[in-house]
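The sequence and the model are shown first, and the description follows.

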2 protein chains.
Amino acid sequence: MLSEFDLIKQYFVQDYAQNSPQDSRFALGIGDDCALLNPSQGMQLAISSDMLVSGRHFFPDADPYLLGHKCLAVNLSDLAAMGAKPLAFTLALSLPEANRDWLAAFSQGLLGLAKTHQCRLIGGDTTKGPLNICITILGELPPAAALRRDAAQVGDDIWISGTLGDARLALAAYWKELDLDETSHQQAAIRMHQPTPRVALGIALRGIAHAALDISDGLIGDLGHILAASKVGASLYVDELPAGSILQTQSTKLRREFTLAGGDDYELCFTAPVAQRDAVMQASKISNTRVTRIGNIDSEPGLRLLDQNKQPLDLHLKSFDHFTSP
Amino acid sequence: MLSEFDLIKQYFVQDYAQNSPQDSRFALGIGDDCALLNPSQGMQLAISSDMLVSGRHFFPDADPYLLGHKCLAVNLSDLAAMGAKPLAFTLALSLPEANRDWLAAFSQGLLGLAKTHQCRLIGGDTTKGPLNICITILGELPPAAALRRDAAQVGDDIWISGTLGDARLALAAYWKELDLDETSHQQAAIRMHQPTPRVALGIALRGIAHAALDISDGLIGDLGHILAASKVGASLYVDELPAGSILQTQSTKLRREFTLAGGDDYELCFTAPVAQRDAVMQASKISNTRVTRIGNIDSEPGLRLLDQNKQPLDLHLKSFDHFTSP
């Protein structure tokens, strides 16, 4: 039987010495009571933890390769939302059984994305129990460069990266809330299973954007956190929200609902002064990431949803909450 | 109903500004995509993650105050085993429901111990799901000061802090493997529910001890990690192992078994040169932590268990493994 130590050694310990140049920041990796890091001198550390629970954040029979990717992607997305550069992460894993096929695929998905972002697995924990994956990620950024939620200013443009709503559309099709042809469903599901963390965009927006966060529970709820922290209001141009390529083919009602309150988008929502519009477009180009201007920060408290004629929309939407949502 | 954000705000956000002097290392705490830390200049970071699962690491009806204490204690113990000073931690929590009484008691146990060790809760995640608690802890230490598993040298003494086996004895009584009177059971159970992380001892042993780790899965198994990493062997004086105060009253057979392969002890096992015996005793005094010399590091591979006449014992014990143990 596969022991805890064999499991870690076989699937999660990478031979970095062979694959990457020596990096003196990594003093000690997996295998001791703690990992040891030498942070880059003068840099600030950004730290975030996310826990993904089977049946809650993913289907119990989820493809383990995609699941490995997604677990790390949602954490990288938190670093992106602060403008931090990925450094290292720990993985705590509760598994019903030590299944070799599952572990091989999961670790490939996880470590593949880690390699792409040069983010090293430095430690963690494995135990037997209901499937639960908890990652804590560490990134670096210059002091005072962080894109914080409390930094939006009246007059800022509001921007969003990529497109919204296809992940929620795929979920709706899984839940039989609506019909979607097989090809469309598969394409939308890519957005649900393999989110792309906007790390390069977050870094490119340092010194340009004011506030930022990543959209995980739905745009209006998450934007609400920026408004509350920054003590400002906002107007959103609902019909200018960039819908995902499959959601674009659906009704206006569905498009509005899933772009505004979809969830699982992992796009960056950020604010920036009007004078920085060219700089934002340049950051978009550098990071090869589409951005769209979707509204304004106002002094009037609250969030106003406007249609294409700038008339108010009353949509009665709410964001996902882990304890009050079904 | 208690929402995810109310839950965090009400039970886990502490007003440090009121309770502790300003500390410029803490740039941003709970409430953004990431926490931000300014590590002390020139210090190394020690990082560890532990995941505790209901029914596996604790009883589903465990006292939430004690559980809050224990979750952080086992992480502090990992820092202690490296000789690191606690700095900050993240908490990821999966809960079947947002129960106010449970959360109030759990957060009191957790944050009480955090305050004792000046270790700040800086972020985390809460979600609905089977009860699972994952803490990632960060500590600081001078470069090259870490007490690593691979640093034991032939000729070193082997030492253990505190006493061993009472936690395992309490578990045996819960499992009805043996009879224990109520008072004894309660007293032994304190060791199981409220382990004392040996943080002050770990720090005091910097520059004195060679290798160290904390005993969580049982002495012989955990000491085996030092032997493997350091490529050495060892002799243990089994009858000199410091048994817990309740275990002392039990049979020699039980005392040997539970001191050698108990688990959940959270004591430090460390090696130090013979020339450092006085310095070890001084570290013990400074940290107000009992230490006992229990064996030697040898060049001959393997672990030899010796009785009081230095005769080999063959006890057929093994350490706990999360995937091969029942």
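## Extent of the contact

The contact between the two chains draws on 67 residues from chain A and 67 residues from chain B. The model described here is a predicted one. Between them, chain A and chain B bury about 5,400 Å², and carbon and sulfur atoms account for 60% of that area.

## Polar and charged links between the chains

How many salt bridges are counted between chain A and chain B? The count is 4 salt bridges. In a salt bridge between the chains, Arg149(B) is joined to Asp32(A), with 3.4 Å separating the closest N and O atoms.

Polar contacts between chain A and chain B amount to 21 residue pairs, with both residues of each pair at pLDDT 80 or more. On the side of chain A that touches chain B, the largest share is supplied by strand β3 of chain A (residues 44–53), which contributes 9 residues. By residue class, this side of chain A comprises 34 nonpolar, 19 polar and 14 charged residues.

## Strand pairing across the interface

Strand β3 of chain A also takes part in pairing between the chains: β3(A) runs antiparallel to strand β2 of chain B (residues 35–37), and the two are joined over 3 bridges. Within this pairing, Ala46(A) has Leu36(B), a residue of β2(B), as its bridge partner.

## Relation between the copies

What rotation superposes chain A on chain B? A rotation of 180 degrees does so, with 0.0 Å of shift along its axis and an RMSD of 0.0 Å. This is the relation of a two-fold axis.

The interface residues themselves may also be compared. Of the interface residues of chain A, 100% are interface residues in chain B as well, and therefore the copies meet through the same surface.

## Salt bridges in the whole structure

When the whole structure is searched, 28 salt bridges are found over all chains. One of the salt bridges lies within chain A, where the side chains of Asp157(A) and Arg277(A) meet at an N to O distance of 2.7 Å. This pair links distant parts of the chain, its two residues being 120 residues apart. Asp157(A) belongs to strand β7 of chain A (residues 157–161), whereas Arg277(A) belongs to helix α10 of chain A (residues 277–286).

Conventions
Residues are numbered from 1 along each chain as its sequence is written. Chains are lettered from A and ligands numbered from 1 in the order in which they are written. This is a predicted model: local features need pLDDT of at least 70, side-chain atom pairs count only at pLDDT 80 or more; totals for chains, interfaces and linings use all residues. Side-chain values use heavy atoms; hydrogens and water are left out. Contact means heavy atoms within 4.5 Å. Buried area is the accessible area (1.4 Å probe) that two parts lose on being put together, summed over both. A polar contact is a pair of N or O atoms within 3.5 Å; within protein, one must be able to donate a hydrogen and the other to accept it, and residues adjacent in sequence count only if both atoms are side-chain atoms. Helices (H or I, at least four residues) and strands (E, at least two) are DSSP runs, numbered from the N terminus. Ala, Val, Leu, Ile, Met, Phe, Trp, Tyr, Cys and Pro count as nonpolar, Asp, Glu, Lys and Arg as charged, and the others, Gly among them, as polar. Two strands pair if DSSP finds at least two bridges between them. Copies are superposed by least squares on the C-alpha atoms of residues with pLDDT of at least 70 in both.
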